[in-house]
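Here is a friendly briefing to keep beside the model as you look around. Please have the sequence and the structure open while you read.

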Amino acid sequence: MTKKNKSASQRRLIPTYIFLVIVSFISVFPLYWMIAAATNTSTDVSRGKIIPGTYFIENFRNLISQQPLWGSLWNSFFYAILTTIVCLLICSIAGYGFEIYHDKAKDGLFSVLLLAMMVPQVATMVPLFQMFSKAGLLNTAVGFMMPMISTPFMIMMFRQNARAFPVDIIEAARIDGLNELQIFFRMFIPTMRSTYAAAAVITFMNAWNSYLWPKVIMQDNSAMTMPMLIANLITGYVTDYGMLMCGVLFCSIPTMIVFFVLQKQFAEGITGAVK
Amino acid sequence: MKKRLLSVLLVGTVAMSLVACGGGGKKADSGDSGSSADSNKLTVWAWDQTFNIKSMQMAADEYAKDHEGFEVEIIETGSDDCQTKLTTCANAGDYSTMPDIVLMQDNSYQKYLKSYPDAFTDLSDMDVTWEDFGELKQAYSMLDGKHYGVPFDNGAVIACYRTDILAEAGYTIDDLTDITWSRFMEIGQDVHEKTGKYLLMNQATDGDLMMMMIQSCGANLVDEDGNAFIVGNEVVEKCVDLYAEMIEKDVVKLINNWDEYVQTITTGQTAGVINGNWITATLMSTEDQKGLWEITTMPKVDGIDTATNYANNGGSSWYITSNCKNKELAMDFLASTFGSSTEFYDSILPETGAISCYLPAGESEVYNEPNEFFNNQPIFSTIVEYSSHIPEFTSTPYHYESRECINTAVGNIVDGADKDAALKEAQKTLEFKMTE
């Protein structure tokens, strides 16, 4: 390739880069604004100041004096991690089962499951509440995660990905004397690492951000989660925007970390696990 | 790697079963999550840490002085969340998770009282002189002559003006006191011409200003039987005309949401704000505008016999649920604090800014103290006085629905739609919503 050609092709990329820079700016700006707002007074935020200020400590102090920040963070972490682990285990077993041992009856059952995906969560809230209240599961971690641990979407995702799992391996493993459970734990899970990572990110974020169900079932102050805490910050007659953004910052950091750590696997898992 | 993943999953499963047991244990410790079984403790749902919750906490501390061991557990619950929870409990037919006392918005309460009458306790026999609260305020929490709530937070409407901007245009607060909307419009146009600022702003997405105008005439969007009454309603038509004219003449600036509303105040783009008096807290958070604001009455609608300069927007009251295990204690607690104690109201005012609906409280020294932010006006006693003049009107459980209907109609009219057609549409929509 001559020099001329090279610079011509580079020039052709200029509009693409400009476009990408603009898009990156649009995606990153809200995050920047959140951080800047957390360091300013409420009045400054409302006046549109976007340069970071020196009010962060004050906002933070106000936040912890009004709201149980550490308790809520702990609750959110605890419930979200627990939900993620249990959900991954249950949904992957289900998805694996539907695909590997599939027959007509299971296909029918799977369609019913997909139909269940169409029912919005709010529609099932009253009967769920009734059941959970009678079973004494209000204010418990089990109550929090039970409706979330087996979702049709996750089962479908695992089933789709299990389709790419080579049947030969299973056959070989059976000949080598592994039982079905061992095949699942020793062969399937390690091969499907990236699917698990993608599923973990999605489930963790859903559990972390879930609001309506926890709000109904977690009725104790000590069971408060981060989204509930944020909601409390905007119910007053006066909104302290600086403090609010400080709270939002604390609520966003964990999901950001989870995403960044599992970013590579997430992308792989979404596009297909087995190469 | 395989082993590590496997072990993580196994640990997870074990953790889950542990939590299942642990969770059960925790439940047993804390007892029923709803109303308190402890004979000297009440659970309360309320929102706003610096306002309602703090007031309730102070009331509990006050009451505990004469009642040893008394305490309240306040669970922070936003107004909307409280309604969601109440609806869920009611539909599930299980009130056992409700607290003893719940705070509810005046404008939404009637709907819940009419839909779920068995969720609340009749408080008519409580040791409270009901006449000491404004008539309208009582009406919000009454049904068939029975009292269900103890009025708390005052929602009397005030008009706040930036005196520096008014002075720039050659006006004082007296020029805006007890005036009509037509006069307001004249001044507003003048102010806009001279200073480039608007005399008033309103959220285009909520119909609060329209509702305040209509209700200041003792009218509402329903007739005496509670049916939708928009078409042929003289007051509504007059208010719609005035409102549309104010937008057209650059007297009122339309803005999109609450954040922008606050921004318009903090950046000094508006010379005035008309809203429930709780707006003072937002004004006062902009410290560099100290001394520049003053309050007065809102304008009244021209050409309507029943028109006044007073209205209500917002406010809330305390309710005792039917799930309360210790109703006598709850009633005595509310009666001796929120229901009858001027000392109590005096003590919460400087701490929380919560202005009483209890009319005798307005006469106290604390209420008459000048407020520096409002150029040394004694705003608290003034607000309590305003609240005694607010005319009563036929209340409706469909307050928010009617507000939405009229706001949509007004928005369309401002955008050039035919007035009669828009109002007819609003009437039809509201009638439909009332069947839901």
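**A sheet in chain B**

In chain B, three strands make an open sheet, ordered β10-β7-β11, with antiparallel pairing. Strands here are DSSP E runs of at least two residues, helices are H or I runs of at least four, and both are numbered from the N terminus. Two strands count as paired if DSSP finds at least two bridges between them.

This is a predicted model: local features need pLDDT of at least 70, side-chain atom pairs count only at pLDDT 80 or more, and totals for chains, interfaces and linings use all residues. Residues are numbered from 1 along each chain as its sequence is written, while chains are lettered from A and ligands numbered from 1 in the order in which they are written.

- Strand β7 (residues 157-162) of chain B runs antiparallel to β11(B), and four bridges join the two.
- To find this pairing by residue, look for Arg162(B), which stands opposite Trp293(B) in β11(B).
- As background, strands of a sheet pair through backbone hydrogen bonds, either parallel or antiparallel.

**Domains of chain B**

- Chain B is assigned domain 1 (41-154 + 313-363) and domain 2 (157-311 + 392-435); such bounds come from an automatic or database domain assignment.
- The C-alpha centres of domain 1 of chain B and domain 2 of chain B are 29 Å apart.
- Each of these domains of chain B gives 15 residues to the contact, with two residues in contact if their C-beta atoms, placed from the backbone, lie within 7 Å.
- On the side of domain 1 of chain B that touches domain 2 of chain B, α4 (106-115) and α5 (135-140) of chain B are the elements giving two or more residues.
- α4(B) provides the largest share of that side, five residues.
- That side of domain 1 of chain B has four nonpolar, eight polar and three charged residues; Ala, Val, Leu, Ile, Met, Phe, Trp, Tyr, Cys and Pro count as nonpolar, Asp, Glu, Lys and Arg as charged, and the others, Gly among them, as polar.

**Chain A overall**

- Chain A has 15 helices and zero strands.
- The radius of gyration of chain A is 24 Å, whereas a compact globule of 275 residues would have one near 19 Å; the radius is taken over C-alpha atoms, and the globule rule is 2.2 Å times the number of residues to the power 0.38.
- Along the principal axes, the C-alpha atoms of chain A fill a box of roughly 75 × 70 × 30 Å.

**Domains of chain A**

- Chain A is assigned domain 1 (3-58) and domain 2 (68-271), and their C-alpha centres lie 32 Å apart.
- Eleven residues of domain 1 of chain A contact seven residues of domain 2 of chain A.
- On the domain 1 side of this contact in chain A, α1 (3-38) and α2 (42-46) of chain A each give two or more residues, and α1(A) has the largest share, four residues.
- That side of domain 1 of chain A divides into seven nonpolar, four polar and no charged residues.
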